[in-house]
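Open the model in your viewer and keep the sequence panel beside it. Each stop below gives a selection and what is there.

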Amino acid sequence: MVSQQDGSPEASYDPMRQFAELAGDVRDPYPMLAGIRADTPVLHVQLSTGPGGRYQHDDKAPRITSLFTITSHKLAQQVLTDNVRFSSAANAMTIGQVMGRTILEMDPPEHQRHRALVAKAFRARVLDQWSDTIIGATIGELIDAFAGDGQADLIPQLTFPFPVRVIARILGLPEADWPRFLRLSTQLIAVMRNWEGALAASRELRGYFGEIITDRRKHTRDDLVSQLIEAEVDGRRLSDDEIYPFLLLLLPAGVETTYRSSSNLLFGLLSHPGQLDAVRADRGLVPRAIEEALRWENPLLTVTRTATEEVELGGVPIPAGGFLAVSLGAANRDPGRYAEPDAFDIFRSGGQHLSFGDGAHKCLGMHLARLEMRVLLNAVLDRLPGLRLDPDAHDPHIHGLIFRSPPALPVRFDPASEGGR
Ligand code: HEM
C-alpha cells in the first residue's frame with residue numbers, strides 16, 4: 001500500500017488486525033461440523049441473544065433467534081439451487097444494511113435482471129484482458145519488493161494487498177486513494193463486529209464513489225465504473241443509487257475471499273511439499289491445486305437463506321421464515337461425497353466443491369478469483385525458486401470460524417540475483 005505519513009485515519013489503521021479479528025479464533029471447526037453431520041444433516045438451534053449474548057457483537061445488529069444449520073453436500077446443494085423456496089432476502093438484515101440493496105439479497109425475477117447487467121463484465125473471456133495488465137502487473141510489483149530478501153511473510157507482503165489493488169485498478173481508482181479505500185473496505189466488511197463503524201464507512205465510501213461516478217459520467221474510461229454507468233436494465237440506465245450497492249458489494253465479495261483463498265492455496269501446497277513439487281514440475285496441475293485448495297479450506301464457511309414456506313429438509317421440518325446457515329465448509333468435507341475429505345489432495349476426484357455456492361447466486365466473481373489465484377501461484381513458482389515454509393516459523397496454521405485463512409505464512413526461498421526476475 002501507499003504509505004501515509006500524515007494524520008489521516010489511514011496512518012494509524014491496521015487492516016491486518018481488523019481481518020484477523022474478523023476470522024474468529026477457531027483453529028479447526030471441521031471435527032465439530034463432522035459431528036453435527038453424523039448426528040443430523042440439519043441441526044436446529046435456539047440462539048441466546050441477550051445483552052452480551054454469545055452470538056451478537058453489537059447490540060444494534062439485527063437478531064437471529066432460531067437457526068437451521070445444513071452440513072451435507074446434497075442438502076446444501078438442494079437449498080442453494082432452489083431460490084424459490086429458499087430466499088436470499090435475509091442478507092438485507094445484515095450486510096445489506098451497510099451496502100444497500102445488492103444482488104446478494106435479491107430473489108427472482110429481480111435478481112436475474114440485475115445480475116445480467118453486471119455479469120458481462122465478469123465473464124472469463126472479458127477478464128482475460130486484465131490478466132497481464134492488471135493482475136500480472138500487481139503481483140509483479142508486490143513480489144519485486146521482497147524477491148531479493150530470501151524470506152518473507154506471504155500474507156502481509158503478497159496475498160493481503162493483492163486483491164484490493166486488483167479491484168481498485170479494475171474500478172479505475174487513483175493510486176493515491178488506495179490506503180483510504182483499503183481502510184473503508186475493511187471497516188465495511190466488519191459489519192457484524194462493529195455495526196456503527198461499518199455504517200460510517202459505508203457513508204464515507206458512498207461519498208467517495210459518488211465523486212468517481214460523477215467524474216466517469218463526464219469522462220468515460222476503460223474501467224468497471226464506466227461500464228456500470230453505460231449498462232441498461234429493461235432499457236434504462238442505472239441510477240447512482242443502483243450503482244453504489246454493487247460497488248460496495250465488490251469489496252467484501254472480491255477482496256476478502258480472494259485474499260484468504262490465495263493464502264489457503266499457498267498454505268496447502270507449502271505444508272504438503274510433495275504436492276508443491278508436483279505442481280512446480282507440471283504447471284498443468286495449477287487448476288487442480290486451486291480447486292482442491294478451495295474445497296479443502298473454503299475462505300467463507302457459511303451462506304444464509306430463509307425458507308419462504310414451510311418445508312422439510314433431511315427429515316427436519318423448517319417453518320416459513322426459518323433461518324438457514326448453509327455450511328459450505330461442511331458440505332465440502334462431506335465423506336458421502338469425498339474420500340478422506342480432511343486430506344489436502346490435488347489429485348482427488350469427487351466433483352465440484354460448493355465454495356462458490358451454487359444456483360442463481362453462484363459467485364459472480366469466480367472466474368476472476370480463479371484467474372487471480374492462477375496468476376499468483378504461477379508468479380510465486382516462477383519468481384521464488386526453492387520456496388518452502390520457514391523452518392523457524394512458529395506453528396503456521398489456518399484459523400477462523402466465519403472466514404478462514406492463515407494469519408501468517410513465513411517462507412524462505414533462493415533470493416533473486418541483482419535485477420533478476
Ligand atoms: C475465492 C474467492 C471467492 C469465493 C470463495 C467466493 C464465494 C462466493 C459465494 C459462496 C457466493 C454465493 C453467496 C450466496 O449464495 O449467498 C458468492 C457470490 C458473489 N460473489 Fe464471490 N467469491 C469469491 C470471489 C469473488 C470475486 C473476486 C468477486 C468479484 C470481484 C466476487 C463477487 C461476488 C458477487 C457479486 C456475488 C453475488 C452473486 C449473486 O448474488 O448473484 N466473488 N461468492
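Select proline 109. It sits in the loop between α4 (96–99) and α5; helices here are DSSP runs of H or I with at least four residues, strands are runs of E with at least two, and both are numbered from the N terminus. Look at the bond joining proline 108 and proline 109: the peptide is cis, with omega about 0°.

A word on the model before moving on. It is predicted: local features need pLDDT of at least 70, side-chain atom pairs count only at pLDDT 80 or more, and totals for chains, interfaces and linings use all residues. Residues are numbered from 1 along each chain as its sequence is written, and side-chain values use heavy atoms, with hydrogens and water left out.

Zoom out. The protein has 16 helices and 12 strands. Of its 421 residues, 54% are buried, where buried means under 20% relative accessible area, exposed over 50%, and partly exposed in between (1.4 Å probe, protein chains only).

Now select the ligand and center on its iron atom. Which protein atom is the donor of the iron? Cys363 (SG), at 2.3 Å, is the only protein donor. Donors are N, O and S atoms within 2.8 Å of the metal (3.2 Å for Na, K and Ca); water is not among the atoms, so sites may look incomplete. Cysteine 363 belongs to the loop between α15 (328–332) and α16 (366–383).

- Histidine 361: a side-chain N or O atom is 2.6 Å from a ligand oxygen.
- Arginine 305: a polar side-chain atom lies 2.7 Å from a ligand oxygen.
- Isoleucine 103: a polar backbone atom is 3.5 Å from a ligand oxygen.

Color the shell by element.

Leaving out residues up to four places away in sequence, threonine 258 touches Pro163, Ala369 and Glu372; contact means heavy atoms within 4.5 Å.

Next, the interior. A nonpolar core is a set of buried Ala, Val, Leu, Ile, Met, Phe, Trp, Tyr and Cys residues joined through side-chain atoms within 4.5 Å. The largest has 97 residues, and those with the most contacts inside it are Leu154, Leu158, Leu171, Phe181 and Phe209. Again α12 gives the most, with 15 residues. Select phenylalanine 181: beyond four places in sequence, its contacts include Val164, Leu205, Phe209 and Leu251.

Glutamate 340 is not a glycine, yet has a positive phi of about 40°. It is in the loop between α15 and α16, and counts as exposed because its relative accessible area is 65%. Aspartate 395 also has a positive phi, near 50°. Find it in the loop between β11 (388–389) and β12 (410–412).

Methods. A polar contact is a pair of N or O atoms within 3.5 Å; within protein, one must be able to donate a hydrogen and the other to accept it, and residues adjacent in sequence count only if both atoms are side-chain atoms.
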